[in-house]
Amino acid sequence: PYGPSVFRRVLLKLSGESFCRPGEGGISVDEVSRIARQASRVASRGVELAIVVGGGNILRGATLSRGSDVIKEATAHYMGMTATVINGLALQDALEGLGCETRLLTTIRMDEIAEPFIRRRALSHLSRGRVVVLATGTGSPFVTTDTAAALRGKELGVEVLMKATRVDGVYSADPEKNPHAVRYDNLTYEQVMRDDLKVMDMTAIGMCLDNNLPILVFNFKKEGNIERAIAGEPIGTWVNN
Ligand code: UDP
């Protein structure tokens with residue numbers, strides 16, 4: 001039912017909340033299976049797919065270090081980065097279980113469980129049709145996996161950064177709280193920054209702006225949405241210049 005992909009290579013940003021039930025934490029095997037099914041459809045259409053995984057379902061550095069100095073802020077961020085590896089391992093197995101060859105790559109070395117992120121190697125995996133799951137963000141504290149997604153998206157030469165959410169795009173207000181919230185079809189990076197719209201954090205938006213990397217914010221959990229998105233159908237909200 002869907003047209004051929006209009007993209008050759010995409011980066012999908014999956015927040016930690018994609019790995020758990022809404023409002024919960026930790027990992028839900030059902031949710032992991034669901035996101036793996038969606039992601040595997042992209043790969044099965046011949047699109048090169050890199051996935052940056054977050055860790056907010058397990059731990060966020062800023063939250064853990066707030067209000068106390070027992071765990072240093074930098075340490076808390078490193079803890080957050082290791083949380084992303086837990087999600088990455090889960091996603092890798094779920095994808096491989098669907099017959100989708102996958103490599104887990106980290107910017108903090110974990111030789112026993114993942115490959116180190118090396119740009120040329122990541123590109124080589126992608127060209128062989130392997131899904132590349134990128135964990136530990138940038139490898140540096142004080143930023144988020146959104147920023148890692150913007151950086152890796154540029155570095156790997158993707159055409160679009162697909163930001164998965166559980167609503168249908170970017171709204172003028174929180175659609176889960178305000179029934180009058182309207183969804184935008186298109187936004188500029190400047191509008192997002194000026195109106196403080198919830199797309200990704202500002203560092204990541206600034207990086208996408210600087211690098212001219214388009215962002216598509218879309219509902220990842222709706223069956224068929226990922227196919228629609230890569231077939232160029234007008235779903236979600238596009239952010240570009
Ligand atoms: N983090 C970090 N550097 C990075 C990426 C992540 O220090 O390059 C830490 C940060 O503390 C963050 C946590 O890892 O809160 C988990 O990532 P994130 O909050 O981006 O996950 P998401 O919101 O996507 O679930």
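**Ligand shell and binding site**

Colleague: Is Val143 buried or exposed in this model?

Modeller: The model is predicted. Val143 has 20 C-beta neighbours inside 10 Å. A residue with 20 or more such neighbours is buried, so Val143 counts as buried.

Colleague: Where is Val143 found, and with which residues is Val143 in contact, leaving aside neighbours within four places in sequence?

Modeller: Val143 sits in the loop between S5 and H5. Once neighbours within four places in sequence are set aside, its contacts are Gly137, Thr138 and Thr203.

Colleague: Is Pro141 buried or partly exposed?

Modeller: Pro141 lies in the loop between strand S5 (131-135) and H5. Beyond residues up to four places away in sequence, Pro141 touches Gly61, Ala74, His77 and Tyr78. The cut-off for buried is 20 or more C-beta neighbours within 10 Å. Pro141 has 18 inside 10 Å, so the residue counts as partly exposed.

Colleague: Why do the residues of the UniProt "binding site" gather at one spot?

Modeller: The unreviewed UniProt entry places this feature at Gly55, Thr138, Gly139, Ser140, Pro141, Phe142, Val143, Thr144 and Thr145. They span 91 residues in sequence, yet no two of their C-alpha atoms are more than 14.4 Å apart, so they gather at one spot.

Colleague: Which element gives the largest share of the shell around the ligand?

Modeller: There are 23 residues around the ligand, and Gly54, Gly56, Gly61, Gly80 and Gly137 come nearest. Helix H2 (61-65), helix H3 (73-97) and helix H5 (145-155) are the elements that give two or more residues to this shell. The largest share is 5 residues, and the element is H3.

Colleague: How many residues of the shell are nonpolar, polar and charged?

Modeller: The shell around the ligand includes 3 charged residues. The others divide into 6 nonpolar and 14 polar.

Terms used
Residues are numbered from 1 along each chain as its sequence is written. This is a predicted model: local features need pLDDT of at least 70, side-chain atom pairs count only at pLDDT 80 or more; totals for chains, interfaces and linings use all residues. A residue is near a molecule or strand if its C-beta atom, placed from the backbone, lies within 6 Å of it. Ala, Val, Leu, Ile, Met, Phe, Trp, Tyr, Cys and Pro count as nonpolar, Asp, Glu, Lys and Arg as charged, and the others, Gly among them, as polar. UniProt positions are given in the numbering used here, feature names are shortened, and annotations may be inferred rather than shown by experiment. A residue is buried if 20 or more other C-beta atoms lie within 10 Å of its own, exposed if 12 or fewer, and partly exposed in between; C-beta atoms are placed from the backbone. Two residues are in contact if their C-beta atoms, placed from the backbone, lie within 7 Å.
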